[in-house]
2 protein chains.
Amino acid sequence: MSKNKDMEKGLIIVYYGNGKGKTTASLGAALRGIGYDFRICMIQFIKGEWKYGEIYSSNLLKPNFELIVAGKGFVGILDDDHNINEHILASKNALGLAREKINSLNYDTVILDEINYALKLKLIDEDEVLQILKAKPYQVNVIMTGNYITEEILEIADLVTEMREIKHPYKNKIKAKKGIDF
Amino acid sequence: MSKNKDMEKGLIIVYYGNGKGKTTASLGAALRGIGYDFRICMIQFIKGEWKYGEIYSSNLLKPNFELIVAGKGFVGILDDDHNINEHILASKNALGLAREKINSLNYDTVILDEINYALKLKLIDEDEVLQILKAKPYQVNVIMTGNYITEEILEIADLVTEMREIKHPYKNKIKAKKGIDF
């Protein structure tokens with residue numbers, strides 16, 4: 001059972017944009033929630049370079065944190081080992097899990113990591129995502145991350161922050177760092 | 001001793017802007033780092049409404065996470081119980097602690113939470129902050145949060161993300177939520 005006994009309205013929160021910090025902020029939100037004994041589920045729609053950091057860290061948050069790596073890597077960017085149909089199948093599977101976890105009432109917060117990117121690539125159907133959000137149990141928080149945002153997601157969301165890249169260390173020839181980036 | 005045995009270059013990371021997610025992202029970065037057995041120190045320059053969330057959550061990250069609440073509340077915004085001299089004294093004390101923690105080599109990452117806001121309010125001297133950043137041990141990461149950024153901080157930083165408020169639930173008459181906002 002969810003620990004949100006006050007039955008406050010759950011928020012739909014979106015962190016989008018081209019800057020670093022979106023998944024990191026959702027992890028921070030998970031940590032904050034667990035400080036209040038919330039139960040959190042994080043579903044990764046796109047499995048990125050940073051996967052090990054999340055997996056190692058998530059062990060610290062057990063048993064109140066469940067991480068599901070459902071995606072297959074960045075389509076056409078970081079991953080060439082899967083064809084588009086495999087990506088579509090993986091993302092649809094992730095969305096099915098998202099619906100199940102959100103509606104289960106076993107979690108106070110469900111994080112849909114990189115779902116916005118999966119929407120941008122049209123790996124999943126926006127109408128299906130909107131339907132899940134509109135039908136979500138009143139008290140459940142949903143956090144969505146990824147570069148992109150659609151007009152309809154912006155409309156339905158309660159809290160939206162754009163994370164804009166102003167300066168990026170890769171451009172200064174500093175490589176990705178363990179414990180910071182992944 | 002710090003656990004960054006590879007002696008990779010530490011990054012200066014700045015999360016600024018008027019959107020939600022800055023402190024949350026720094027907490028997420030702490031969580032990620034601790035997944036790699038990093039040692040983290042977080043110094044709060046401004047003690048805000050969200051303090052309880054961080055304090056409760058930080059207990060989950062012990063013994064590798066140290067939280068120091070050095071500030072006195074948002075000057076002239078959330079707090080009228082302290083005069084400006086008390087705020088200046090508290091912020092100067094926080095900056096002294098920041099220098100000490102960064103140079104101690106006991107931490108892989110030092111988070112200076114809301115230091116940008118303290119700079120904006122001129123509670124601390126920018127030249128002193130720049131001097132600390134320029135003289136920091138090579139391998140130490142420093143994460144700075146707060147609404148503001150100066151040209152000089154932007155210049156010296158390795159990674160800068162602006163977190164812009166696009167939509168805010170308070171404006172929709174949803175009050176601050178336990179486990180999400182504080």
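Student: Where is Asp127(A) found?

Tutor: Asp127(A) is found in helix α5 of chain A, which covers residues 126–134; helices (H or I, at least four residues) and strands (E, at least two) are DSSP runs numbered from the N terminus. The model is predicted, with local features needing pLDDT of at least 70, side-chain atom pairs pLDDT 80 or more, and totals for chains, interfaces and linings using all residues, while side-chain values use heavy atoms without hydrogens or water. Residues are numbered from 1 along each chain as written, with chains lettered from A and ligands numbered from 1 in written order.

Student: Is Asp127(A) buried or exposed?

Tutor: Asp127(A) counts as exposed because its relative accessibility is 57%, where buried means under 20% relative accessible area, exposed over 50% and partly exposed in between (1.4 Å probe, protein chains only).

Student: And which are the buried residues of α5(A)?

Tutor: In α5(A) the buried residues are Val129(A), Leu130(A), Ile132(A) and Leu133(A). They line one face of the helix, because looking down the axis of α5(A) they fall within an arc of 160°, the arc being that of the directions from the helix axis to the C-beta atoms. As background, an α-helix has 3.6 residues a turn, so residues three or four places apart point the same way.

Student: Which exposed residues does the face turned away from the buried side of α5(A) carry?

Tutor: That face of α5(A) carries Asp127(A) and Lys134(A), both exposed.

Student: Where does the largest share of the negative patch come from?

Tutor: Helix α6 of chain A, residues 151–156, supplies the largest share, with three residues.

Student: What about a nonpolar patch, which residues form that?

Tutor: Ile55(A), Tyr56(A) and Val69(A) form a nonpolar patch on the surface, together exposing about 230 Å² of accessible area, as given by the Shrake-Rupley method with a 1.4 Å probe and only the protein chains shown as cover for residues. Of these, Val69(A) is found in strand β3 of chain A and is partly exposed, with a relative accessible area of 34%.

Student: Switching topic: how many salt bridges does a search of the whole structure find?

Tutor: Over all chains the search finds eight, a salt bridge being a side-chain nitrogen of Lys or Arg within 4 Å of a carboxyl oxygen of Asp or Glu. In one of them, Glu162(A) is paired with Arg164(B), with 3.2 Å between the closest N and O atoms. That pair crosses between chains, running from strand β6 (residues 159–167) of chain A to strand β6 (residues 159–167) of chain B.

Student: Is Glu162(A) buried or exposed?

Tutor: Glu162(A) counts as buried at 15% relative accessibility, whereas Arg164(B) counts as partly exposed at 32%.

Student: With which residue does Arg164(A) meet in a salt bridge?

Tutor: Arg164(A) meets Glu162(B), at 3.2 Å from N to O. This pair also crosses between chains, from strand β6 of chain A to strand β6 of chain B. Arg164(A) counts as partly exposed at 32% relative accessibility, and Glu162(B) is buried at 15%.

Student: And what forms a salt bridge with Lys9(B)?

Tutor: Asp158(B) does, with the closest N and O atoms 3.8 Å apart. The two residues are 149 residues apart, and the pair links distant parts of the chain, with Asp158(B) in the loop between α6 (151–156) and β6 of chain B and Lys9(B) in the segment before β1 (12–16). Asp158(B) counts as buried at 8% relative accessibility, while Lys9(B) counts as partly exposed at 32%.

Student: Now the backbone. What kind of peptide bond joins Lys62(A) and Pro63(A)?

Tutor: A cis peptide bond joins them, with omega about 5°, and Pro63(A) sits in the loop between α2 (51–58) and β3 (65–69) of chain A. In chain B, Lys62(B) and Pro63(B) are likewise joined by a cis peptide bond with omega of about 5°.

Student: What is the phi of Lys122(B)?

Tutor: Lys122(B) has a positive phi of about 60° although it is not a glycine; it lies in the loop between α4 (115–120) and α5 (126–134) of chain B and counts as exposed at 67% relative accessibility. Asp37(B), also not a glycine, has a positive phi of about 70°, lies in the loop between α1 (22–35) and β2 (40–44) of chain B, and is partly exposed at 38%.

Methods:
Patches are made of residues with over 30% relative accessible area and no salt bridge: like charges are joined within 9 Å, nonpolar side chains (Val, Leu, Ile, Met, Phe, Trp, Tyr) within 5 Å.
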